[in-house]
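Me: Before we discuss this model, I would like each label to be set against the rule behind it. Please start with how axes and angles are defined.

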Amino acid sequence: MSNVLKTAAIVVGAVAFAATGIGAIGSAGLLGSSIAGIGTAAAFTSFGALASAAAGALSLAAGLTAKKPSAADATGSQTSFSADPDAGVPLAIGRTGTAGDIVMRRGWDTRDAGDNDRQAFVAVLSLGPIAAIEGQTVDRNPVSYSSTGAAIGAFAGFMWSMTQLGALASPALAFGAGAGTPPGVGADFKLSGKAAATWTLRFDTKAKQYQNGVPAPMWTVRGALAYDPTKDSTYPGGSGPHRMADPADTAAYDAAMATWEWTENPYLLGLRWAHGYWQRDVSNPNSTYQRVMGLGSPWRLIDVAAFVEGRNIAAANGWTCGGMIYSRDEKWATMKKILQAGMGEPMPLGARISCIVNAPKVSLATVTFQDVIGEARVSATQPRRNRINTVTPRYRLEENNWQFLPGSPITVPEHVAEDGGKRSKVLDYPLIQNTKQVGTAVRYDIENAREFGPITLPLKLFWMGYKPGDCVTADLPEVGLNKQTILLLNRDLDPPTGVVTFTARSETNAKHAFALGQTATPPPTPGVTGQPLVPVPAVDAWAITATSIISQAQTVPALVVTGTVDAGTADAVVIEYRPFVSGQAANVGWSSAGIWSVGANRVEITSVRSGAAYEVSVSYQRNGVTGGRRIIGPVVTAGVAVDYDAVVGPNRPQNGATVGAPTGTQVGGRKAEDVVADLNQNIINVANEMVVNGTWRGDTDKIIFIDGKPVRQVVEQQGVTAEGHTLFITKLQEVDSSTGLAKFMMAGNADGAIVGIQGVAGGGINQLSMVAERFLFVDTNGGNAIVAMSYDTTDKTWRLGAVEATRIKADTIVTRHLVSSSISQTRVAPVGTSVSIARNATATVATVSMTKQEPDSVMKVTFFGMFQSDDDIQMTCSVDVDGATVYPAGTINNVFDSTQSKAQSTITPFVYISDLPAGDHTFKFNVTNQEVDNIALIVKAGSAMEVLEQKRPLL
């Protein structure tokens, strides 16, 4: 299926090329740090856009259905000692065995008998230079040689061998002392840049040697050298002598290659393959480096950081890579084989080469419905045939003489039970040479085959900051993604709309412990889910059991709510209360009394007025989702009262005391009857004041038990009812060992107007809540009050005063005014005089200098050009920034007919630049005339260059 889709993508892509005239330059740059494109005539643009979109969709499908690496893709044989002109040049990586590729075989006589008693072979073992040739076996038996190449032991006098590591300037091949020299071999018989071995056999006239013909040789080698950024002091975080250089700088690259070392790390070998294998004739000082193997990507187009991350993970797990690859192998397939050994795979990141590695990942952000600006699509599961549960791996082991053989099937019984039977597949691991490592790779392949997808999410532009390989959380219940961790696989930007489209798959963190052998239990197969079901409490689950509490011998109004959680799926209880208003809607007017653990069975609400009607709401939560309310009540709270029996002290009168002093008794210089009369009057006055004003004060300090665990609660409340006003202040302190929460609250209530602050700490919650309609800031003297924020009850909106912020993140911003350059800034340079450009010449037609204000903004350079030619319009456009970096802006190849066409066209080349630092920059728009005939290209006066800085939020 993948090949069909890939072919279809190529065909449709060719249609897009013909329609737009953009070609590979336009399409290749669309996802890189610079984004190039051409705006042409409407008919050309619309058809080309449709074709390009189809090609993109098919290419994506091809990537998702592409097969795993296979040994059958190799064009050479690692263990067959043969001459194969179609095999290509071999390359040994890591530590492995190879029979070599025969490039010369000659027999000759060393005596007059004419019996052709010598036979010599020259075998290329690898592209060089390599680290070492450890030794040789013949028919699986080790053979040692002297320093002059003569065999030691059973083959002494009958076998010779000499080797070379493949230096770029290798001496003439030697065959060993006593072996003789084949005819035609002289001083110019060299294999520079190739690791090779000469192997000479002498015919045994007594038939004791070579009874079955030429034996089977095998050389064990340590292969290619590689650059390690972590050993480079010039790389961020690196330390050591390793260096990297551009092959175009011959001297620098010579010096850099001398610092590289042998490695088995899959990601360092993958990084070397992406960079390419480069050689030159070092005997010629004027020679330049040429790529001989690998992808040969420029260093700036390789995501080095991703390979370093993979390198560190592979090193920590002891994953190695070894085997043979060949120059005629498909290059991307080779990269997949190399990274497969590190539990990873390569991926294109725009125009850059990147990779991902199977390892636990931290979610970097959460995608919600506010981020989605198009149609989100989710494939809820992988096809049945893809959800394998059994794999028979094929791989190489040294004890099997490096033969590529099948191992024992690896089965996950839990998945077999879930699937109702085995679903098996044979998978190749051509560059893994360790049984334990193969087991890890197999388990990852089984678990990854069960991740659901693809997931397609069109998102806002600020998501451009995330890249394939990142993990995010998708909280999109509408498509079955409820706090689902997903792995981003592909990123696409539509420049006209700014829509960033990600393709992703589910990512199950529990699979890593299983694949790495840390647990024997595999994770369940992931899938889409519905929203958590949070039931409403039953009618009889909760009740208001009291309307007052006793605090220090004083009865204060309260709502005492008791009950038990009757839903097994709940993980929290939400308690709310409100004054009762007949006909009030069910969802308005509520005040929070806290969020409690499911073990809570008693809650006291003391911030209520005496003699007032209240309702209480109880609802459950699960995973942060709150269910429906169960409304209880209304009930009327009790009034304030004092228990006289609790009054103590030496001057407390006895209960029912009526005995007084005789008339005329002096008390403090006054008659007793006068003192009693004053006391009675004061009692009446105080009683009247208490009735009118309702003054009270209550303090409680108590320990209650919830599920047998103590909860200490300290409450202080004071209030007054006077002249038609009810005013009170409440302070609460609570430590709850059952939930691990510490809470405090201070609130003031004046006729229902509430201001307060509440803090909760512990249990993963660190929350400070404030209730007010205005927030004021004052100076150290308590003056100069500034209203920083106020609440408008009309439209229920918080309003800010004069605020200065470094960064503001918002979904939608509605404003009456915008300060100049707050979102974007632009500079325009018109072409004042027509510019004539000769054939094959390049001219700067417009220049703009401007200050880029933000480091994370995107620059769009657009040229609104009017072009004229006596024949066709054929040109290449580019933008030079600061004379240091040139960004392609597209190629035009508008050929109209075979005569002098007198072409005129309005064309709008543009380029997006996202990797430019803040500061002063100079942009030059350059045009190169690529007309086939010797005809000038005219850029007409009135054309203009625009440089736009598009700012974006920093996330």
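Reply: Axes are lines fitted to C-alpha atoms, for helices over the stretch in contact, and angles run from 0 to 180 degrees between N-to-C directions. Helices (H or I, at least four residues) and strands (E, at least two) are DSSP runs, numbered from the N terminus. This is a predicted model, in which local features need pLDDT of at least 70, side-chain atom pairs count only at pLDDT 80 or more, and totals for chains, interfaces and linings use all residues. Residues are numbered from 1 along each chain as its sequence is written, and side-chain values use heavy atoms, with hydrogens and water left out.

Me: Why is helix 5 called roughly antiparallel to helix 7?

Reply: The axes of helix 5 (residues 266–275) and helix 7 (residues 331–340) come within 8 Å and cross at roughly 165°. Angles over 145 degrees count as roughly antiparallel (under 35 as roughly parallel, 65 to 115 as roughly perpendicular, the rest as oblique), and therefore helix 5 is roughly antiparallel to helix 7.

Me: Which residues make the contact of helix 5 with helix 7?

Reply: Contact means heavy atoms within 4.5 Å; helix 5 contributes Pro266, Tyr267, Leu269, Gly270, Trp273 and Ala274, and helix 7 contributes Lys331, Thr334, Met335, Ile338 and Leu339.

Me: What makes strand 4 and strand 9 edge strands?

Reply: Two strands pair if DSSP finds at least two bridges between them. Four strands form an open, antiparallel sheet in the order 4-5-10-9, and strand 4 (101–108) and strand 9 (159–164) each pair on one side only.

Me: How many bridges join strand 9 and strand 10?

Reply: Strand 9 pairs with strand 10 (residues 194–202) in the antiparallel sense over six bridges.
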